[in-house]
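Reader: I have a model open and some labels to check. Can we take them one at a time?

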Amino acid sequence: MRRLLALRTGGKLTAGHVRVAADALGVSERTVWRWLSAAEQDETATSYPGARSRVDARFTITSEVRGLLALWKGNVRAVHRELVLRAARQSQPADVPSLTTLHRAIRRDLTPGERAGLAGGERAARKHDVFLARPRGWRNHVWETDHMQAPVLVDVDGTARRPWITWFTDCATNAITGVAVTPVHPSRESVLAALRSAVLREAPYGPFGGLPEKVRVDRGKDFLSRTVTAAFDLLDVTMEDLPAYTPHLKGTVEGLNRAVESMFLAALPGYARQPRPGKRPARPKDEALLDFEDFTARLLAWTLWWNTEHQPAPLRGQTPLEAWQDDPTPLRDVAAADLWTFTLEDVGTRTLTTRGIRFRKRDYVGAWMTGQAGIQVRVRFMPHHDHRIEVYHAATGRYLGPADLADQATEEQISAVRKTRAARARRLKKDLQASQRERYAAATQAEPLRRLGALTGAQADAELAAADHTDVARLALPDVIPPAAPPAGWRTPPSLAALTTPGRPAPLPSGRDSAPATPDDPGRPAASSTPDKDGDAP
């Protein structure tokens, strides 16, 4: 290396010398040229070619580079281009590393999680984290619950919809203890229905069930609703509310959500994520979809297979049923009637009248109400099931019986009302879209924004006049009949006194003492110093 450096200094170094040295050292010619360049700057590099003699000269990732990586979503070439532009704008241009050096520094100084986080955010960085596994515990020690929208289109009253699944799973045995299916977006009613099927151990829900010690939920408003939290409190079950966007903290039910799609839902007709031929992944028009009842039956059958035949990896060759039966932990059961009562929404007390029970401006009646008019009752009902309420005695809590909606509409009437509402909603949506549609001129150069859509003066006046006749606030005439002047003893701001009708003041409200006599009305009695009914003097 010293001979090569001397030849280069004297200007006698040729490509043949470099080729011979590269063959002798077993490296590329480019590497030899790089060693020679390093030896010219540092004499120690002559004795140890290829070794880093000056650690402080190595390029490292700075906070500026980190910020640029986050700005450009991990695009290293864009970061390098930005560094070159910034160095060119400086009065004293700084040394910019090459693209290869920048790549090497990023791989060396940043962990895979940091590189993924700068490119894709926290969720991408979390894939490179290491998570501890919780101890398995015992049956009914901890349950986890969650909603999942099935990626399968189901025929719901002639409309293709993706149903929602709500289930509870036992963390110790991986058993699905309860499940409920909702055609549309779930609510607290879905949670309560799944909870009842999870707790009951009698047919057709058993043998899994009983009351758990703790239930892990995310920050869904359905799980944290007043009705659901009250039901858990009455059942003496602790609810653990996990932080937002932390699916790894309830990995059992999240793993179930992934497993049900790959093991069951992907094979059903109407699977929404099925790869399809052609450029547009549209669903074929002649594709036959499952109806809601058939989909629910198949899901329950798969749930039974999961609990009795499937062997999850954490159970080491056991099925959830075998793991459940091998666990000697005693179970806490609750009667079906009590469970039904605890999972109903309490709306307070009502008076039973001759017309029944008044609830939400409607009357509910039952055959058991004969001779009971006048008593105080407590009303409970299943959320969104407004066709029936459950009635209990207000003093003793004894169950009296159900009450059905009086003068309930027929199915034909309800169907007609729903069709009318749907048509009105579509018409309103179309009108709103038309009113909010804005068109602007296309620009090929930097110029101000140009709005399109011309109106004549007559069209503008007609539309504004129509708006004036429909705006109730603009039609109001508050000054047609000014309010009467307040009593003379009241302190009225001058701004409000100017809006009142001049003349004799309005009489004082009943139950108040009269105001003191004034020069304009000498016959008026003075105010009494006796305190009023609230204990304060006027």
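Reader: Which residues does Asn140 touch, not counting residues up to four places away in sequence?

Author: This is a predicted model, so every value here is computed from it. Asn140 touches Asp170, Gly209, Gly210, Leu211, Pro212, Glu213, Trp324 and Leu331. Touching takes heavy atoms within 4.5 Å.

Reader: Why is Asn140 called buried?

Author: Its relative accessibility is 4%. Buried means under 20%. Therefore Asn140 counts as buried. The residue lies in the loop between α9 and β1 (142-149).

Reader: What does the side chain of Asn140 reach?

Author: It reaches the backbone oxygen of Gly209, at 2.8 Å. A polar contact needs a pair of N or O atoms within 3.5 Å, so 2.8 Å meets that distance limit.

Reader: How far apart are Asn140 and Pro330 in sequence and in space?

Author: They are 190 residues apart in sequence. In space the distance is 9.3 Å, C-alpha to C-alpha.

Reader: Why does Arg126 count as buried?

Author: Arg126 has 15% relative accessibility. The limit for buried is under 20%, so Arg126 counts as buried. Arg126 sits in helix α9 (residues 122-126). Beyond its neighbours within four places in sequence, Arg126 is in contact with Phe131, Tyr245, Pro247 and His248.

Reader: Which residues of helix α8 are buried, and what covers them?

Author: In α8 (residues 112-120), Gly113, Ala116 and Leu118 are buried. Their cover includes α5 (63-71) and α9. Just after α8, Gly121 takes a positive phi of about 95°.

Reader: What makes the phi of His384 worth a remark?

Author: Phi of His384 is near 75°, a positive value in a residue other than glycine. Most residues other than glycine have a negative phi. His384 is found in the loop between β12 (376-381) and β13 (388-393). Asp407 also has a positive phi, of about 55°, although it is not a glycine.

Reader: Is Asp407 buried or exposed, and how do you know?

Author: Asp407 has a relative accessible area of 80%. Exposed means over 50%, so Asp407 is exposed. Asp407 lies in the loop between β14 (399-405) and α16 (411-436).

Reader: What makes Leu477 part of a nonpolar surface patch?

Author: Leu477 has 64% relative accessibility. A patch residue needs over 30% and no salt bridge, and nonpolar side chains are joined within 5 Å. Leu477 therefore passes the area test. The patch is made by Leu477, Val480 and Ile481, with about 360 Å². Leu477 is found in the loop between α18 (472-475) and α19 (494-497).

Reader: Why are β3 and β8 called edge strands?

Author: Three strands form an open sheet in the order β3-β2-β8, with mixed pairing. β3 (159-161) and β8 (290-291) each pair on one side only.

Reader: How do you know that β2 pairs with β8?

Author: Pairing takes at least two bridges. Strand β2 (residues 154-156) is joined to β8 by 2 bridges, so the two strands pair. They run parallel. Val154 has Leu290 in β8 as its bridge partner.

Reader: How many helices and strands does the protein have, and what share of its residues is buried?

Author: There are 19 helices and 14 strands. Of the 538 residues, 31% count as buried. The protein exposes about 35,100 Å², and carbon and sulfur atoms supply 53% of that area.

Note on methods:
Residues numbered from 1 in each chain as written. Predicted model: local features only at pLDDT ≥ 70, side-chain atom pairs only at ≥ 80, totals over all residues. Heavy atoms only, no water. Patch = residues over 30% accessible without salt bridge, like charges linked within 9 Å, V, L, I, M, F, W, Y side chains within 5 Å. Areas by Shrake-Rupley, 256 points an atom, 1.4 Å probe, with all protein chains shown as cover. Salt bridge = Lys/Arg side-chain N within 4 Å of Asp/Glu carboxyl O. Helix = DSSP H or I, 4+ residues; strand = E, 2+ residues; numbered from the N terminus. Buried < 20%, exposed > 50% of the residue type's maximum accessible area, 1.4 Å probe, protein only. Polar contact = N/O pair within 3.5 Å; in protein donor to acceptor, adjacent residues only side chain to side chain.
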